[in-house]
Every structure is written in C-alpha cells, then in structure tokens.
Amino acid sequence: MHNPACNYFLACFLAANLASAPVVACTMSISSVEAPEIEIEIEFEDYNDVTNRVTYQIEIESSVVPPTNTAVCQCGISFGSELVQAPESFRVLNAIVGLRRGEGDDFDLDSFSGFEPDDDVAATLAGLNGTNNGSTTFGFSTPVNPFNLPPLQAEDAFVLGFLIEFAPEDFAAVNGNQIQFAAGSNEPGHPINLFQRYQPTLKLPPFRLDECDLNYDLVCDVQDLDVLYSLGDLARGFERTDATEVYDLNGDDRIDRRDVQEWLKKAADFHGLDDAYAPGDVNLDGEFGTSDLIQVFVAGQYESGNDGQTWATGDWNADGYFDSSDTLYAFQVGRFNPSANIQPLPEPNTAPFTLLLVTLCGWTAIRHRK
Ligand SMILES: [Ca+2]
Ligand SMILES: [Ca+2]
Ligand SMILES: [Ca+2]
Ligand SMILES: [Ca+2]
C-alpha cells in the first residue's frame with residue numbers, strides 16, 4: 001500500500017484549501033483569506049553529545065492535491081534574516097514525508113525518507129521574491145513517479161517534515177528567529193514557492209539533555225529538585241497532568257516522593273555516579289559528609305516547624321519539613337560518611353544545631369550497634 005516513492009512526491013502537493021486549489025502537480029498552498037493556518041508541530045528529538053547538536057523535527061500537515069506527471073519534487077527552508085542570521089551550527093538535515101490515515105492516527109514520519117540535499121533548490125529559494133534577505137537557505141529534491149500513488153481517503157493527510165539541528169548554546173539565536181518554508185517542482189508552471197500563512201517565526205519547545213533536567217538549563221542540579229518540590233505535597237502525592245508529565249520520572253502517573261528518588265538516581269547517572277544520591281547529600285557531590293551538615297546548619301531549619309523546606313535545607317523525605325524523620329531516613333539509608341569531604345564543623349552553639357548533631361550521633365550509634 002505504501003510506496004515511499006509516491007509519498008515523497010506528495011510533499012509537493014501542499015494545499016491548505018483543497019476545494020479551491022487547482023489540481024496540478026507539485027503546487028503550493030494557495031493564499032486565501034479564509035484558509036486556516038497550516039498546522040505545524042515541533043518536537044525535540046535528540047541530543048548528540050559527540051557532535052554537541054540538538055535536533056528538532058518540524059511536522060507540517062497539509063491537504064493533498066493529486067499529481068498528474070512525473071517530476072522532481074523540491075522543498076526547502078529559508079532561515080534567519082538580515083536582523084538575526086542563522087547561527088553557524090544551524091542545519092536542515094533532512095526533508096521527510098509521512099502519510100497519516102484518518103483523523104488523529106499516528107504515523108511514522110521517519111519511515112518515509114528519500115529527499116536529498118539540493119544546492120540548486122537552495123539557490124532558487126534564496127532568489128525567490130519574498131525570501132527574507134540575509135537568510136540561509138536549505139533545499140531538497142527527489143524524483144517521483146506519480147502513477148503509483150496510493151488512493152487517498154477524504155481524511156488522509158500528508159505530513160511534510162524537516163529535521164533541523166544546532167548547537168545547544170545557539171538555542172536563543174534559533175528560537176523565535178524567522179523561518180520560511182517552500183515547495184514546488186521542476187515542472188513548468190509549478191516552480192518552488194514559499195508557503196503562505198505559515199507562522200513566520202520558529203517557536204521551539206525548550207529542550208532537555210536529560211530527564212533529570214527539570215528546569216531546562218542543561219544541567220541536573222539541586223535547582224531541578226526545587227522545581228519538583230514546588231509542585232505540591234510530594235509526601236501525599238497527586239495525579240500528574242499532561243502539563244506535569246515530565247516530572248513523573250518513574251512513570252506511575254503520579255507525582256510524589258518516589259519521583260524524588262528517581263531523580264536522585266537519574267541525576268547521579270547524569271553525573272557519572274553508580275549509586276543514587278543519598279538522602280543527606282545536600283550538595284550532591286556523591287557523599288553524605290560534613291560539608292552537607294554545614295550546609296543544613298547554615299540554612300538553620302532543623303526542627304524549625306517551617307513548611308516549604310527543600311532538599312538543600314534538609315527535607316530529604318519531601319514532606320516539607322526538616323526534622324528527625326529526615327535524619328532517621330538518611331541514616332536508615334545509611335550512607336553517612338563522617339570522613340567524606342571533611343570540613344571543620346561550626347561551633348554547635350545554637351539549639352537547633354545541637355539537636356541535629358545529637359540526632360545524627362544517636363542514629364549513627366544505633367546503626368553501629370546493629
Ligand atoms: Ca536543570
Ligand atoms: Ca511518579
Ligand atoms: Ca555531599
Ligand atoms: Ca522532611
């Protein structure tokens with residue numbers, strides 16, 4: 001049923017308004033005041049730490065105008081402008097086409113590939129009337145045979161996809177920058193043309209290099225735990241929503257302290273550690289030692305009764321407070337290493353800190369007796 005060669009061809013028959021579009025090969029969407037904007041989805045795909053590039057897939061859904069002749073289909077992207085030029089790292093890696101059968105059906109865009117980069121198409125696009133001055137153009141083409149086209153049902157849709165890449169540090173230069181899409185063919189009368197009514201700027205969802213990066217700043221650190229803690233009562237737990245799905249790190253459809261534990265595993269893995277971060281390791285250096293105790297001492301929240309505590313201020317069991325239940329938990333897990341990252345402990349001249357030390361010593365003694 002699916003003949004890839006046919007599907008590539010249909011990339012060129014993008015028309016937002018099927019009723020008013022002429023039936024011609026490799027035509028473009030027709031400008032029309034009534035026609036809706038072309039539907040587009042952009043998803044983060046991957047990060048390659050060898051090349052230091054992030055990739056995003058852009059999917060553009062369209063109605064289809066049936067082709068009539070054999071042709072070379074062409075498509076491309078023009079990116080950037082005189083104001084903000086495409087960063088050096090920006091590339092359009094591939095053009096791909098998928099067929100979606102019926103409304104809302106899933107499809108596999110990657111299963112249809114075949115366009116090749118084409119400098120002539122890029123040059124044509126660069127010279128088009130309406131192409132942004134100062135933009136960088138990327139062109140693709142593929143020869144197609146229209147006589148093997150699969151029959152299309154009324155609800156079927158073709159999806160044209162582009163795979164883009166850039167260095168993570170160029171995110172700001174890419175996101176919100178101007179973008180133009182084009183398609184056409186080598187047939188006389190149906191040359192490559194700019195899409196109309198497409199959103200003129202590229203709006204990228206933020207990317208993460210790892211699941212533990214909950215605030216999208218490309219590192220996994222205590223600020224990500226702060227994000228998790230800020231979501232609600234993790235001790236009681238609550239159902240995740242679509243918006244909070246990224247925080248459900250153990251995938252059980254709930255947000256609770258088990259996701260904190262999962263974060264401690266994932267973040268340790270992110271930093272190349274074999275074992276999950278232990279409760280008590282507030283500075284996340286892989287050891288629960290004296291430097292951690294100093295940090296919670298400075299924060300001064302032990303048995304304070306103040307709600308809203310975080311990992312860094314001693315709330316290791318994620319119930320909002322720093323109290324003996326946290327120290328008990330830390331010592332049950334039993335990773336306290338008094339010789340780790342030794343620093344002189346401050347004078348225990350405050351009641352809460354004395355209480356903390358007494359508790360720690362108590363739990364340590366109990367553990368040793370066992
Ligand atoms: Ca982060
Ligand atoms: Ca969960
Ligand atoms: Ca530590
Ligand atoms: Ca607690």
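This is a predicted model: local features need pLDDT of at least 70, side-chain atom pairs count only at pLDDT 80 or more; totals for chains, interfaces and linings use all residues.
How are the donor residues of the calcium ion (ligand 2) spaced in sequence? They run D-x1-N-x1-D-x1-R-x4-D.

Residues are numbered from 1 along each chain as its sequence is written, chains are lettered from A and ligands numbered from 1 in the order in which they are written, and side-chain values use heavy atoms, with hydrogens and water left out.

**Calcium ion (ligand 2)**

- The protein donors are D248 (OD), N250 (OD1), D252 (OD), R254 (O), D259 (OD) and D259 (OD), sitting 2.2 to 2.5 Å from the ion; donors here are N, O and S atoms within 2.8 Å of the metal (3.2 Å for Na, K and Ca), and since water is not among the atoms, sites may look incomplete.
- D248 is in the loop between β11 (238-239) and β12 (254-255) while D259 is in helix α5 (residues 257-270), so the pair ties together parts eleven residues apart in sequence.
- Helices (H or I, at least four residues) and strands (E, at least two) are DSSP runs, numbered from the N terminus.
- D248 and D259 are both buried, with buried meaning under 20% relative accessible area, exposed over 50%, and partly exposed in between (1.4 Å probe, protein chains only).
- Six donors count as octahedral if opposite donors are over 155 degrees apart and all others between 65 and 115; four count as tetrahedral if all angles lie between 85 and 135 degrees, or as square planar by the criteria given for six, and anything else is irregular.

**Calcium ion (ligand 1)**

- D213 (OD), N215 (OD1), D217 (OD), V219 (O), D224 (OD) and D224 (OD) coordinate this ion at 2.2 to 2.6 Å.
- Its donors follow the spacing D-x1-N-x1-D-x1-V-x4-D along the chain.
- This site is irregular, with angles of 53 to 164° among its six donor atoms.
- D213 is buried at 1% relative accessible area, whereas V219 is partly exposed at 36%.

**N317 and α7**

- N317 lies in the loop between α6 (290-299) and α7 (324-333), and it's buried at 13% relative accessible area.
- Leaving aside neighbours within four places in sequence, N317 is in contact with R257, S325, D326 and Y329 (heavy atoms within 4.5 Å).
- After α7 comes G334, with a positive phi near 75°.
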